[in-house]
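Here are my notes on this model, point by point. Please read them with the coordinates open.

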Amino acid sequence: MDKKINWGIIGLGKIAHKFAADLNLSDNAVLYGVASRDFAKAERFKNEYNSVKSYRSYEALADDPDIDIVYVATPHVFHFENAMMCLKKGKSVLCEKPMGMNSEQVKSLIEEARRRNLFLMEGIWTRFIPATEKLLELIDEGVIGKLISVRADFGFKSSFDSESRIFNKKLGAGSLLDIGIYPVYLSLLLLGIPKNIKAFARMTKTDVDSYCAMLFDYENGSKANLESTIEADTPVEGYIYGSKGSIKMHSRFHHTERLTISINGNSETLEMKIEGNGYVYEIDEANQCLANNQTESEKLPLSTTIDLIKTLEGVMEEIGLNYEGYISNP
Ligand SMILES: NC(=O)c1ccc[n+]([C@@H]2O[C@H](COP(=O)([O-])OP(=O)(O)OC[C@H]3O[C@@H](n4cnc5c(N)ncnc54)[C@H](OP(=O)(O)O)[C@@H]3O)[C@@H](O)[C@H]2O)c1
């Protein structure tokens with residue numbers, strides 16, 4: 001690539017730190033600007049990760065003509081307004097997952113990006129890690145035959161804090177949207193859109209799901225058995241079963257470095273190391289798309305982002321999880 005892509009980050013929390021470290025690993029990216037609601041924090045972050053600039057507001061960053069793309073790393077409920085603000089100021093956007101709290105928000109962002117011919121992608125980094133690429137290759141080659149089912153879980157124990165973004169409904173809390181999105185994405189990637197969704201949840205006193213069990217049924221008879229929770233540490237593994245054998249995605253499956261293929265009682269484990277924190281692959285995908293004037297990724301197209309939020313809405317309807325009154329309408 002001739003030109004380096006200038007990145008901005010808004011919302012300097014936990015994930016922004018990991019992402020900034022990986023931006024510095026990418027040959028084609030420059031960490032150009034960082035913005036926080038707190039300027040002193042932005043200054044510290046700038047110095048820690050050698051950003052060129054820091055700004056006093058998210059809007060000031062998006063106003064800088066030198067920034068090519070903004071990484072939106074705020075809590076879920078703000079993705080829509082933050083990403084929309086950036087698009088309206090002519091910036092391409094990589095938005096953390098979920099891109100919106102419902103399909104209306106997601107569609108509205110996609111329409112805005114298309115109207116302005118800007119790149120837009122959801123931060124489902126799982127799609128770009130080497131092990132996922134290998135998994136898709138193995139499945140395409142028919143190594144485990146016709147897919148029968150997918151099983152995946154994502155759980156961690158989080159101590160209750162009504163103000164944290166994990167429990168605070170005003171910040172879009174709950175296990176499903178924060179981590180259940182990864183098992184759901186895996187099912188979508190491998191099996192497509194489910195015909196029927198069954199789900200059961202346990203709710204917190206802040207009225208979000210702390211445990212969500214999902215069972216998806218597909219037109220061709222295949223099934224997905226998925227789980228997310230903020231109540232317990234679970235294995236965070238993925239299993240893909242086919243007519244000839246199975247593939248295990250080792251923990252944590254959403255950025256795994258190991259796949260075990262089992263066929264007729266024989267197993268082989270493939271190791272695929274991840275560079276940095278694992279975000280460098282989605283960063284490189286965005287860089288390539290921008291360099292080639294592509295407005296969406298072929299590997300993670302915007303249609304997948306719509307299918308993902310619609311599937312999540314199907315689960316939310318089943319478990320009675322509703323963020324109305326907490327989110328802005330497009
Ligand atoms: N891809 C991944 O592996 C991964 C991992 C974790 C999280 N995520 C996603 O990244 C997003 C952020 O997660 P995080 O764990 O980094 O959260 P976090 O540590 O709470 O950081 C979120 C940041 O958003 C900004 N913010 C703006 N308005 C806010 C408000 N009203 N309350 C709190 N923060 C506000 C704050 O930055 P300033 O104070 O600097 O403005 C805050 O530091 C979430 O949507 C999550 O789904 C992705």
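1. Start with Arg 37 and the ligand. A polar backbone atom of Arg 37 is 2.9 Å from an oxygen atom of the ligand. Keep in mind that this is a predicted model.

2. His 76 places a polar side-chain atom 2.9 Å from a ligand oxygen atom. Glu 96 has a polar side-chain atom 3.2 Å from a nitrogen atom of the ligand. How much of the ligand does the protein bury? Taken alone, the ligand exposes 890 Å², and the protein buries 83% of that.

3. Next, the site itself. The ligand sits in the largest pocket. Helix H4 supplies the largest share, three residues.

4. The shell can also be read residue by residue. There are 23 residues around the ligand, and those that come nearest are Ile 15, Ser 36, Lys 41, Tyr 58 and Tyr 279. By class, the shell holds 10 nonpolar, six polar and seven charged residues.

5. Why does the ligand lie between domain 1 and domain 2? Domain 1 (5-126) and domain 2 (130-273 + 310-319) both give residues to the shell, so the ligand lies between them.

6. The peptide bond joining Lys 97 and Pro 98 is cis, with omega about -15°. Pro 98 is in the loop between strand S5 (92-95) and helix H5 (103-115).

7. A cis peptide bond also runs from Ser 251 to Arg 252. Its omega is near -15°. Where does Arg 252 lie? Arg 252 is found in the loop that links strand S12 (245-249) and strand S13 (258-263).

8. Last, look at Asp 207. Its phi is near 65°, a positive value in a residue other than glycine. Asp 207 belongs to the loop between strand S8 (196-203) and strand S9 (209-217).

Methods: Residues numbered from 1 in each chain as written. Predicted model: local features only at pLDDT ≥ 70, side-chain atom pairs only at ≥ 80, totals over all residues. Heavy atoms only, no water. Near = heavy atom within 4 Å. Polar contact = N/O pair within 3.5 Å; in protein donor to acceptor, adjacent residues only side chain to side chain. Areas by Shrake-Rupley, 256 points an atom, 1.4 Å probe, with all protein chains shown as cover. 1 Å grid on protein atoms, 1.4 Å probe; cavity = no way out; pocket = protein on both sides within 12 Å on 5 of 7 lines; lining within 4 Å. Sits in = over half its atoms within 2 Å of the grid points. Helix = DSSP H or I, 4+ residues; strand = E, 2+ residues; numbered from the N terminus. Nonpolar A, V, L, I, M, F, W, Y, C, P; charged D, E, K, R; others polar. Domains from an automatic or database assignment.
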